[in-house]
Amino acid sequence: MAALFTKFFSQAFTIFLMILPALFSKTNAGVIVVYWGQNAGEGSLTNTCNTGKYRVVNIGFLSKFGNGQRPQINLAGHCNPASNGCQGVRAGIKNCQRKGIKVLLSIGGGAGNYGLSSDADANSVAVYLWNNFLGGQSNSRPLGSAVLDGIDFNIEKGGPHYAALARRLSDYSKRGKKVYLSAAPQCPFPDQYLNGALSTGLFDYVWVQFYNNPQCQFTTSNPNAFRDSWNKWTSIKAGQFFVGLPASRQAAGSGFVNPNDLKNQVFPFVKGSPKYGGVMLYDKFNDDRSGYSSQIRGSV
């Protein structure tokens, strides 16, 4: 009997040792998020998801909304929404979703004409987003029949009413399919435009833009500025936090991080947070040219 028990224990312990590395390999394992839509040279959304590199794709941007305006999406050279030319993107969205990749609509961006004049204005924009991109109904859905997974707040202007927009969009999750909310604040904490929205605690993902902000982006000469900013951001109530970076030196005025520095100096620090989610790259066009995601994906 004792010999049988010893044999069983030995086999069980051997199996435990075999699965132990796998258990630890999943600890704080991150994913790569990418923006798509602002350069026709980056290829189709279908091809983007077929690379297998990304787990979330932000379609950018809905760059006109609020203040009583008719909202308008801008996908640069990909298609012309004015002639319903972007409805074909639905095939790419559905292809991504079949692969388990979330596809969000990013509203705002660095250019464009947008803003919210009141909470009532925010509610009107939420209704538009629900009916035209999410689970509602409309005869003029810009991206066709595909139902996106959520809304990304890439807000760089436009008043204090984004909290109302976040709350109304979150309420739509009660109708069935969850509406994911993400935000792309600048790294100076708190963000000038998104602080109110993020204070709702409703956001699933926060990809902090650690670029074009020298006071808090990563540099090898002053890594503490980045670390201090990261610690402040991960202190707020939200699901997961991502290190937002330019995918190439040409993608931003400053903030590009050498892939080896990212792997050797940034990842060991940010993975110390249980809220670590991975890396956000701007954007697909620049990632194609630099190969950045391919260089880091094994370490994210």
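**Exercise 1. Which residues line the largest cavity?**

Before starting, note that this is a predicted model, in which local features need pLDDT of at least 70, side-chain atom pairs count only at pLDDT 80 or more, and totals for chains, interfaces and linings use all residues. Residues are numbered from 1 along each chain as its sequence is written, and side-chain values use heavy atoms, with hydrogens and water left out.

*Solution.* Begin with the term: on a 1 Å grid over the protein atoms alone, a cavity is a set of points where a 1.4 Å probe fits but cannot get out, and lining residues have an atom within 4 Å of a point. The largest cavity is lined by Tyr35, Trp36, Gly37, Gln38, Asn58, Gly60, Phe61, Tyr282 and Asp283. Strand S1 (31-36) and strand S2 (56-65) are the elements that give two or more residues to this lining; strands here are DSSP runs (E, at least two residues), and helices are too (H or I, at least four), numbered from the N terminus. S2 gives the most, with three residues. The space inside is about 40 Å³, where a volume is the space filled by probe spheres set on the grid points, which are joined across faces, edges and corners.

**Exercise 2. Find the residues closest to the centre of the largest pocket.**

*Solution.* A pocket is an open set of points with protein on both sides within 12 Å along at least five of seven lines. The largest pocket has a volume of about 290 Å³. Of its 18 lining residues, Phe61, Gly109, Gly110, Glu156 and Tyr282 are the closest to the centre.

**Exercise 3. Is Asn67 buried or exposed, or partly exposed?**

*Solution.* Phi of Asn67 is near 60 degrees, a positive value in a residue other than glycine. Its place is the loop between S2 and strand S3 (72-73). Asn67 has 44% relative accessibility, so Asn67 counts as partly exposed (buried means under 20% relative accessible area, exposed over 50%, partly exposed in between, with a 1.4 Å probe and protein chains only).
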